[in-house]
Amino acid sequence: MTTTTTAPASAIAAVGTPERTGLSSAGLITVLLGAALPIIDFFIVNVALPTIDADLHASTATLELVVAGYGIAYAVLLVLGGRLGDTFGRRRLFLLGLTLFTLTSLACGVAPDAATLVIARIAQGAASALLLPQVLSIIQAGTSGERRSRAIGMFGATGGIATVIGQLLGGALVAANVWDLSWRPIFLVNVPIGIVGLLLARRTVPDSRASNPLGVDRWGTVLLAVSLLSLLLPIMEGRALGWPWWSIALLVVFPFAAYGFARTERKLEAAGGTPLLPPALLRTASVRHGLTVAVPFFCAFGSFMFVYAVTLQNGLHLGPLGAGLALTPMAVAYFTTSLVSSRLVARFGRKIVPIGGLILTVGLLVLAGTALLDWPGLSIWQLAPAMVLIGVGNGLAMSTLFRVVLSRVPADLAGVGGGVLTTTQQTSLALGVAVLGSLFASLSVPGAMGYQGAFVLVIGILAALALLVSGLARALPDPR
């Protein structure tokens, strides 16, 4: 078994031993439901944007803010959400986050204009940032051994399945035009689900918190927010607005803010304080190597889901429901693979991630080849073999990656570890959509490469990223 560097004894002693109670199967299902909702809503909007545009007469920049506002608020506040759960109780923050998520979903669903929808989506992203980090924290604090490994694997599977469900559900709801409400049911459906989740959580989710909780790192929180905003906002909005001066200025600010954040965290830890992101946590091998793999993996995953959905609707004219159905083979393969990944990890350990990366690479190359040979008459059945391979590869890699990153995190740093992982995930998803989504948008227009050429090129780039993930994953510590 590969050795790993753990957090220094002084850092662990500073936070003490967590108060914990066992997490039942019903409680696990409940918190996984809470984990699924924010991820579904990150992606459910993709297939509804043309309908929102037609209804609210929004500009391109405003439509991107409907997606970007949610993602930026989500990424900026995730680490703070995990810290607040450690301090005030993870069950309490889970209930608060789910309540606010339900209310903001209602606000999105009844928004009378595009500006109100953008504001409601930002608030919804903030609520998600309070909700999601508690899930990993509750799992870490309420389970141990093989049961923890299986639960974290289920969390990883939930993330991937929720991403696909977001596209499927969005397409189905928009196509159904329930009660002639157009796109609004994609948000309103969260309200009854959220109420059921709250009722279940009050009965099944145990409370846990750090016995000697870490304080709030105010400067660290501000500098992390400035770092993420100065990177994500111009990347996600700059192209749509023609790269105004403020977008360039923010990109210039980013490296200075990131350096300031890193220096502030090191100084605070050296002084015996409680930094928002303890550098000792990043010195843990499982976290350090795991996040190195997670960045290209989630960049590829986020951009694939966006580019594939746009290509199916605008390039192949399958419509929102057809686009959702074309993702079904991937969803089934992902879910099936995730169910058995725990047993595979128990037998083969860290090898599962590079194997998953290789299968994902093959699936993406098969998809690119299929598009080259049969365009524009591609059917769902012709796409299915490649989508099954992509689902299997993602199912093996993603579920195992979550286990590796959290396998050496002390239980009392569960909220911080979960926040770091999910912040990396959401930031990488947003970066993938912004960079490769923008490349695809610029190349798919008439007079450039067109949809076929742009799609094949981007899928080829994603195959190279998947191969990089497979190579980097060879350095991961064994999660067993």
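This is a predicted model: local features need pLDDT of at least 70, side-chain atom pairs count only at pLDDT 80 or more; totals for chains, interfaces and linings use all residues.
Local features are described where pLDDT is at least 70, and side-chain atom pairs where pLDDT is 80 or more, while totals for chains, interfaces and linings use all residues. Residues are numbered from 1 along each chain as its sequence is written, and side-chain values use heavy atoms, with hydrogens and water left out.

**View 1. Domain 1 meets domain 2.** The chain is assigned domain 1 (24-207), domain 2 (218-275) and domain 3 (278-479), with bounds that come from an automatic or database domain assignment. Between domain 1 and domain 2, the C-alpha centres are 25 Å apart. Here, 14 residues of domain 2 are in contact with eleven residues of domain 1; contact means heavy atoms within 4.5 Å. About 1100 Å² is buried between these two domains, and carbon and sulfur atoms give 71% of that area. Buried area is the accessible area (1.4 Å probe) that two parts lose on being put together, summed over both.

**View 2. Helix α2 packs with helix α9.** Helices are DSSP runs (H or I, at least four residues), numbered from the N terminus. With their axes 9 Å apart, α2 (residues 25-43) and α9 (residues 190-204) pack at an angle of about 150°. Axes are lines fitted to C-alpha atoms over the stretch in contact, and angles run from 0 to 180 degrees between N-to-C directions. The pair is therefore roughly antiparallel, a term for angles over 145 degrees. The α2 contributors include Leu-33, Leu-37 and Asp-41, and those from α9 include Ile-193, Leu-200 and Ala-201. By class, this contact has six nonpolar, five polar and one charged residues; Ala, Val, Leu, Ile, Met, Phe, Trp, Tyr, Cys and Pro count as nonpolar, Asp, Glu, Lys and Arg as charged, and the others, Gly among them, as polar.

**View 3. Helix α13 passes helix α16.** The axes of α13 (residues 285-315) and α16 (residues 352-374) come within 13 Å and cross at roughly 30°. That angle makes α13 roughly parallel to α16, the word used under 35 degrees. Val-293, Phe-297, Phe-304 and Tyr-308 of α13 touch Val-353, Leu-360, Leu-364 and Leu-367 of α16. This contact holds eight nonpolar residues, with no polar and no charged ones.

**View 4. Helix α16 also packs with helix α17.** The axes of α16 and α17 (residues 380-406) are 7 Å apart, at an angle of about 160°, so α16 is roughly antiparallel to α17. Look here for 17 nonpolar, eight polar and one charged residues in the contact.

Notes. Helices (H or I, at least four residues) and strands (E, at least two) are DSSP runs, numbered from the N terminus. Angles under 35 degrees count as roughly parallel, over 145 as roughly antiparallel, 65 to 115 as roughly perpendicular and the rest as oblique. A crossing is left-handed if the near helix is turned anticlockwise from the far one by less than a right angle, and right-handed if clockwise.
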